[in-house]
Amino acid sequence: RFHPPENHHELNDFNPNKKSVSKDFDFFGIFDFLFKGEKKYGYWVWSGDMDSVDFDKLSKNGVNIVFLNSYAFTDHGQRDVMEWIKKANDHGIEVHIWMQIFNTGDWISPVKNGKPDSAYFNYKIEEAKYYAGLEGVSGLQMDYIRYEGNAYKDQNGTAAINEFVKNFTKSVKDVNPSLTVSATVMPEVNATYYYGQDIPEMGKYVDVIVPMMYKGNYEADSNWVKNTTDWIVKNSGDAKVWVGLQTYQSDFNVSDLPADDLLKDGQYSFDNGANGVIYFKWGMNEELDNKKLN
C-alpha cells in the first residue's frame with residue numbers, strides 16, 4: 001500500500017521572542033458571496049521562500065490567501081514577518097500561519113502512557129495563541145495533525161487527535177474569534193485507520209478541511225481528484241473544503257505540472273463542492289491565472 005513521502009515541510013524550533021450603488025451592481029453575485037462564501041485561491045509558502053513572494057503577481061492572478069510556514073518567525077524574526085503580513089494584507093491577501101503539529105523533525109505521538117499528551121498539546125496551543133494574537137493574521141493552519149501511517153497500532157490515537165483539534169480551535173478563537181482554523185488531512189477513505197484522522201469528527205471543530213490531493217503521489221488521475229473531493233465534501237460536515245493541489249509531477253519527479261492540468265483539477269475541485277484551492281507550493285507554477293476558474 002502506497003504512503004506518500006514526507007518531504008512537504010520545512011522544520012525548525014519555535015521561539016516567540018524573535019518576536020453608493022451603480023446600476024451595474026451584481027445583487028445575485030453578492031447573494032452568492034454571502035451565503036456560499038468567497039472562494040479561496042492560494043499557496044503554501046515555506047519560510048525560505050518568504051522573501052521571494054511576489055504579491056503583485058499573486059494579486060493579479062486572483063490569489064487571496066497564503067499559508068506561511070510558522071518557522072518564518074525564527075528564520076526571519078517577528079518584525080520582518082509582520083511587515084510581510086502587512087504587505088500581503090495591503091494586496092488583499094489573507095495570511096494564515098501554517099504549523100506542523102505531530103511532526104517537528106520527527107514524528108510525535110499524540111498519546112503518552114495511553115492518554116492524550118496534554119503537556120505537548122498545551123505547548124503547541126500556546127504557540128498557536130501567540131500567532132492568533134498578531135495583527136494581520138487571518139487564520140491558523142494545522143498540518144501533520146496525524147500519525148505517519150501507523151495509527152492502528154495506538155488504540156487511543158484518533159480520540160487524542162480529536163481532542164487536540166477541539167482544544168486548539170477553541171483556544172485560538174478565544175484569542176481572536178474571527179480566525180479561520182483549518183486542518184490538513186490525508187485524502188483517503190481509511191484516514192482514520194492509518195492516520196488517526198476522523199474527518200467527519202474534525203469537521204465539527206475546524207472551519208476548513210484541507211485534503212492534500214496530491215495525485216502524482218497516488219499515481220492517480222483527474223477522476224480521482226473529482227471523486228475524492230466529492231467524498232471529502234460530503235464527509236466534512238459544516239466545514240468548508242479547500243483542496244490542496246501539488247504543483248509538480250510527484251515527490252519522485254519534482255518538475256512542474258502543466259498549468260492547464262492544475263487549472264483543470266482546480267475546476268474539478270470547485271465543481272465537486274470545494275470552496276478553495278491551495279497550491280503546494282510557492283516557487284512552482286507561480287503564473288497560474290485563478291480568475292479562469294469558476
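## Salt bridges

A search of the whole structure, which is a predicted model, finds 12 salt bridges. Side chains of opposite charge can pair when their charged atoms come close. The table lists three of these pairs.

| Salt bridge | N to O distance |
|---|---|
| Glutamate 126 and lysine 129 | 3.1 Å |
| Lysine 170 and aspartate 174 | 3.1 Å |
| Aspartate 265 and lysine 215 | 2.8 Å |

Start with glutamate 126 and lysine 129. Both residues lie in helix H5. They are three residues apart, about one turn of the helix. Glutamate 126 has a relative accessibility of 47%, so this residue counts as partly exposed. Lysine 129 is also partly exposed, with a relative accessible area of 30%.

Next come lysine 170 and aspartate 174. These two sit in helix H6, which covers residues 157-175. They are four residues apart there, so about one helical turn separates them. Both lysine 170 and aspartate 174 are exposed.

How many residues apart are aspartate 265 and lysine 215, the pair that links distant parts of the chain? They are 50 residues apart. Aspartate 265 belongs to helix H10. Lysine 215 belongs to the loop between strand E8 (208-213) and helix H9 (222-234). Are these two residues buried or exposed? Aspartate 265 has a relative accessibility of 3%, and the cut-off for buried is under 20%, so aspartate 265 counts as buried. Lysine 215 is buried too, at 14% relative accessible area.

Some salt bridges share partners. In this way Glu38, Lys40 and Glu94 are joined into one network.

Rolling a probe the size of a water molecule over the atoms shows where empty space is left. The second largest cavity has a volume of about 40 Å³. Lys215 and Asp265 are among the residues that line this cavity. By type, the lining divides into five nonpolar, one polar and two charged residues. Strand E9 (240-246) and helix H10 (259-271) each supply at least two residues of that lining.

Leucine 257 is buried, with a relative accessible area of 10%. In sequence, leucine 257 and glycine 216 are 41 residues apart. In space, their C-alpha atoms are 9.5 Å apart.

## Aromatic rings

A pair of aromatic rings is described by the distance of the centres and the angle of the planes. The count for this model comes to 25 aromatic pairs. In one of them, the rings of tryptophan 46 and phenylalanine 280 have centres 6.0 Å apart. Their planes meet at 80°, so the pair is edge-to-face. This pair links distant parts of the chain, 234 residues apart. Tryptophan 46 is in the loop between strand E1 (40-45) and helix H2 (55-60), while phenylalanine 280 is in strand E12 (residues 276-280). Phenylalanine 280 counts as buried, at 1% relative accessibility.

Phenylalanine 102 and phenylalanine 121 also pair, 6.0 Å centre to centre. Here the angle between the planes is 55°, and the pair is tilted. Phenylalanine 102 lies in the loop between strand E3 (94-100) and strand E4 (111-112). Phenylalanine 121 lies in helix H5 (residues 118-132), so the pair ties together parts that are 19 residues apart in sequence. Phenylalanine 102 counts as buried at 0% relative accessibility, and phenylalanine 121 counts as buried at 3%.

Which residues form one aromatic cluster? They are Trp44, Trp46, Phe67, Tyr214, Trp242, Tyr248 and Phe280.

The charged end of lysine 39 is over the ring of phenylalanine 270, 4.6 Å from its centre. The charged end of lysine 226 is over the ring of tyrosine 268, again 4.6 Å from the ring centre.

## Backbone details

The peptide bond from phenylalanine 280 to lysine 281 is cis, with omega near 20°. Lysine 281 lies in the segment after E12.

Tyrosine 144 is not a glycine, yet has a positive phi of about 50°. This tyrosine is found in the loop between strand E6 (137-143) and H6. Tyrosine 144 counts as buried, at 2% relative accessibility.

Glutamate 219 also has a positive phi of about 50° although it is not a glycine. Its place is the loop between E8 and H9. Glutamate 219 is exposed, with a relative accessible area of 72%.

Notes. Residues numbered from 1 in each chain as written. Predicted model: local features only at pLDDT ≥ 70, side-chain atom pairs only at ≥ 80, totals over all residues. Heavy atoms only, no water. Phe/Tyr/Trp six-rings, centres within 6.5 Å; stacked < 30°, edge-to-face > 60°. Buried < 20%, exposed > 50% of the residue type's maximum accessible area, 1.4 Å probe, protein only. Lys NZ or Arg CZ within 6 Å of the ring centre and 35° of its normal. 1 Å grid on protein atoms, 1.4 Å probe; cavity = no way out; pocket = protein on both sides within 12 Å on 5 of 7 lines; lining within 4 Å. Points joined across faces, edges and corners; volume = space filled by probe spheres on them. Nonpolar A, V, L, I, M, F, W, Y, C, P; charged D, E, K, R; others polar. Salt bridge = Lys/Arg side-chain N within 4 Å of Asp/Glu carboxyl O.
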